[in-house]
Amino acid sequence: MMQTVATVAGVRAQMSAWRTAGESIALVPTMGNLHAGHYSLVNLAQQHARRVVVSIFVNPTQFGPREDFNSYPRTLEQDCKGLAEHGCDLVFVPTAAEMYPFGTASGVRIEVPVVSEPLEGALRPGHFAGVATVVSKLLQIVRPDVAVFGRKDYQQLLVIQRLVEDMRIPTEIIAAPIEREAHGLAMSSRNQYLTAEQRSEAGLIYQTLRAMREDCRAGKPIAAIEEGALQALRAGGFAPDYATIRCAEDLAEPGERRSGLIALIAARLGTTRLIDNLAFAD
Ligand code: AMP
């Protein structure tokens with residue numbers, strides 16, 4: 001039977017019971033409105049640990065003042081049903097007061113320099129500090145052996161890997177592949193905001209990522225590839241924030257390097273902001 005727990009004390013009690021029984025623990029942090037992408041993380045977590053904890057918390061500190069915190073889809077009942085069906089052992093659904101006992105403005109904030117700075121970090125000031133702060137707290141509450149994050153939010157994954165390594169947090173971070181719709185659109189809770197027509201148009205993001213990879217393999221200059229990608233997205237009705245090729249390990253600009261690269265896109269379709277990426281397997 002899946003348990004639903006809202007308090008830190010409640011989670012700690014169950015974690016120590018499982019530890020006493022010699023059982024390993026995996027954590028999958030989410031903001032809810034679960035889809036097949038999230039469930040693939042739960043499945044991967046089950047391959048790495050006896051017990052799987054999923055947290056559902058729409059974290060206020062990672063949203064900017066003009067972002068969609070209030071309208072972010074909250075579907076707790078449906079999420080819990082799906083998690084029980086996927087064999088989750090415990091779902092942690094804290095309130096903001098439980099996660100931020102000193103309030104969001106006065107609490108400790110964790111900054112992860114360098115990898116937080118380009119791309120999403122430049123466009124969403126404070127976003128990765130909010131992510132690093134809430135993930136630090138979740139890792140301290142659950143103390144899992146492993147925690148699973150999706151490659152969909154690639155820069156977030158790098159931020160978490162750096163956080164865990166630098167803070168000496170004894171949790172192994174596992175990266176899960178991106179789950180996509182049939183036409184290539186990466187699954188996301190924010191896809192809910194799209195009309196049926198926009199949803200099919202949004203396949204252009206993945207098509208553009210693939211074209212960027214092909215152009216790179218064909219030896220086209222990076223700057224020309226990026227310009228072509230921006231133009232293709234604009235022609236398809238998107239307002240792109242970036243379409244770029246970077247070094248996969250730190251998101252630095254590649255210069256002359258042609259191995260270990262990744263293409264990343266962020267673009268708005270109407271009012272919905274979508275992100276996606278494609279690592280170039282060399
Ligand atoms: P979120 O609920 O959006 O914060 O996402 C929770 C976790 O699920 C993050 O580690 C995401 O990277 C991951 N995730 C979201 N969408 C996908 C997807 N389409 N494929 C794989 N992982 C995903």
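Is Arg-168 buried or exposed? In this predicted model, Arg-168 has a relative accessibility of 68%. That value is over 50%, so Arg-168 counts as exposed. Arg-168 sits in the loop that runs between helix H7 (154–166) and strand E6 (172–176). The backbone there has a positive phi, near 55 degrees, in a residue that is not glycine. Most residues other than glycine have a negative phi.

Asn-33 also has a positive phi, near 50 degrees, and is likewise not a glycine. Asn-33 belongs to the loop between E2 and H2. The relative accessibility of Asn-33 is 5%, under the 20% limit, and therefore Asn-33 counts as buried.

The ligand site comes next. A shell of 17 residues surrounds the ligand. His-38, Gly-150, Asp-153, Glu-179 and Met-187 are the closest of them. By class, the shell holds eight nonpolar, six polar and three charged residues. Three elements each supply at least two residues of this shell: strand E2 (25–30), helix H2 (36–48) and strand E5 (146–150). H2 gives the largest share, with three residues.

Met-31 places a polar backbone atom 2.9 Å from an oxygen atom of the ligand. His-38 uses its side chain: a polar atom there lies 2.9 Å from a ligand oxygen.

Glu-98 lies in helix H4 (residues 96–99). With a relative accessible area of 29%, Glu-98 falls between the limits of 20% and 50% and is therefore partly exposed. Along the chain, Glu-98 and Ala-9 are 89 residues apart. Their C-alpha atoms are separated by 10.0 Å.

Gly-237 is placed in the loop between helix H10 (222–235) and strand E7 (239–247). Its relative accessibility is 49%, so Gly-237 counts as partly exposed. Gly-237 and Leu-269 are 32 residues apart in sequence. From C-alpha to C-alpha, the pair is 6.9 Å apart in space.

Glu-111 is part of the loop between H4 and helix H5 (120–123). Glu-111 is exposed, because its relative accessible area is 59%. Glu-111 and Ala-267 are 156 residues apart in sequence, and their C-alpha atoms are 25 Å apart in space.

Ser-188 occupies the loop between E6 and helix H8 (196–201). The relative accessible area of Ser-188 is 18%, which is under 20%, so Ser-188 is buried. Between Ser-188 and Glu-117 the separation is 71 residues in sequence. In space, it is 23 Å from C-alpha to C-alpha.

Definitions and conventions. Residues numbered from 1 in each chain as written. Predicted model: local features only at pLDDT ≥ 70, side-chain atom pairs only at ≥ 80, totals over all residues. Heavy atoms only, no water. Near = heavy atom within 4 Å. Polar contact = N/O pair within 3.5 Å; in protein donor to acceptor, adjacent residues only side chain to side chain. Helix = DSSP H or I, 4+ residues; strand = E, 2+ residues; numbered from the N terminus. Nonpolar A, V, L, I, M, F, W, Y, C, P; charged D, E, K, R; others polar. Buried < 20%, exposed > 50% of the residue type's maximum accessible area, 1.4 Å probe, protein only.
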